[in-house]
Amino acid sequence: MSWPLHGSNPQYIYQFLQLPKQEKIIDFSVNINPFGPPPVIRKKWPEWHAAIADYPDPYGKDLVGMVVEKEQLPSSSILLGNGGAELIALVARFFAGKRVLLIQPTFSEYERMCHAYGCEMTNFTLTEGDWRLSVAEVEPLLKTHDVMFLCNPNNPTGILYSEAELINLIKACEKHQCYLVVDEAFYDFVEKPVTIAPRCETHPHLMVIRSLTKMYAIAGLRLGYMLADTRVIEQLKGYQAHWNMNALALLAGQECLKAHEYVTYTKNDITTERNRVTGELSKMGYIISDSEVNFYLLRIQNEMTSYHFFVFY
Ligand SMILES: Cc1ncc(COP(=O)(O)O)c(C=O)c1O
């Protein structure tokens, strides 16, 4: 058995490390909202039973309508997905066989899916420490690549790139006819969120991915959406299976997008806890990335290996 590809499903980590499964665990391998789904989901759940007998709305019209309101973009610029993961797979298919630029370290699915679609990949690795991205350094690479993936805030560092940095980047991408995919799966955990989404209307090379599974803790339901130019959305839609969105996810998504107080409560708590925990870990000698979200990258010091870290802490 090999090391699991992703977090969550902790039974596979226990199996890999040949450790007995514990009764009570806190799963640090997953970065979803620790408060669970908004309470309204549990309340409404019994009512939704009737929805599973019929095929779901293949257009997810009601939910798309809410996304239109939220993002102030036309419905033709919106594509619902079975989690951000489905949208990443669709993007990889869109760029099948093309040249892809990945800004590392980052979420492993970009590489895995682009590899599955025969893309040629270049890794541009950020410098450990502040993990900043210099548009001037990346720009020469945009000339020779068809698409660049950027995760903002980035998984695993939690580093947030500013609106000004993103605008510079999309301008450079447009200049060189290189697409820019910005994965904003964690954008709503940031105290003052930064998004490049409104630029989708004016920048045909921009694609923005959002996930609802993180903030609203509905990873088991699967829900996300993409914002992009109408022509891009049309093409990606053509790759999707009919009824890719299940009825429960569509109903839950509508409630999630109304749960503003829950988002504020979560963000406030996460910010306080992150500051407390990273402060304590820094005092213990660990090097922590300057995260703005609900996870951070931790550098183990001295003789300790990650095996020791996982097993003894
Ligand atoms: C950066 C990033 N994007 C997208 C996803 C996929 O999220 P989901 O498919 O659950 O919406 C993840 C999951 O961990 C992620 O970390």
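These notes walk through a predicted model, from an annotated span to the ligand, a pocket and some backbone details.

1. Annotated span. An unreviewed UniProt entry lists residues 24–299 as "domain: Aminotransferase class I/classII large". In the model, the span is 37% helix and 15% strand. Its end C-alpha atoms lie 26 Å apart.

2. A backbone N or O atom of glycine 84 sits 2.6 Å from a ligand oxygen atom. Threonine 213 uses its side chain: a polar atom there is 2.7 Å from an oxygen atom of the ligand. Asparagine 155 also uses its side chain, with an N or O atom 2.8 Å from a ligand oxygen atom.

3. How much of the ligand is covered. Taken alone, the ligand exposes 400 Å². The protein buries 91% of that area.

4. The second largest pocket. How much space lies in this pocket? The value is about 370 Å³. The pocket is lined by 21 residues. Closest to its centre are Pro58, Tyr59, Leu79, Lys237 and Gln240.

5. What builds that lining. Helix 3 (61–71), strand 1 (78–81) and helix 8 (230–239) each supply at least two lining residues. Sorted by class, the lining of the second largest pocket has 11 nonpolar, six polar and four charged residues.

6. Cis peptide bond at proline 105. Glutamine 104 and proline 105 are joined by a cis peptide bond, with omega about -5°. Where does proline 105 lie? Look in the loop between strand 2 (99–104) and helix 5 (108–116).

7. Cis peptide bond at proline 156. The bond from asparagine 155 to proline 156 is cis too, and its omega is near 25°. Proline 156 belongs to the loop between strand 4 (147–151) and helix 7 (163–175).

8. A positive phi. Which residue has a positive phi although it is not a glycine? Tryptophan 131 does, with a value of about 55°. Tryptophan 131 is placed in the loop between strand 3 (120–125) and helix 6 (135–142).

Note on methods
Residues are numbered from 1 along each chain as its sequence is written. This is a predicted model: local features need pLDDT of at least 70, side-chain atom pairs count only at pLDDT 80 or more; totals for chains, interfaces and linings use all residues. Side-chain values use heavy atoms; hydrogens and water are left out. On a 1 Å grid over the protein atoms alone, a cavity is a set of points where a 1.4 Å probe fits but cannot get out, and a pocket is an open set with protein on both sides within 12 Å along at least five of seven lines; lining residues have an atom within 4 Å of a point. Grid points are joined across faces, edges and corners, and a volume is the space filled by probe spheres set on the points. Helices (H or I, at least four residues) and strands (E, at least two) are DSSP runs, numbered from the N terminus. Ala, Val, Leu, Ile, Met, Phe, Trp, Tyr, Cys and Pro count as nonpolar, Asp, Glu, Lys and Arg as charged, and the others, Gly among them, as polar. A polar contact is a pair of N or O atoms within 3.5 Å; within protein, one must be able to donate a hydrogen and the other to accept it, and residues adjacent in sequence count only if both atoms are side-chain atoms. Accessible areas come from the Shrake-Rupley method with a 1.4 Å probe; for residues, only the protein chains shown count as cover. UniProt positions are given in the numbering used here, feature names are shortened, and annotations may be inferred rather than shown by experiment.
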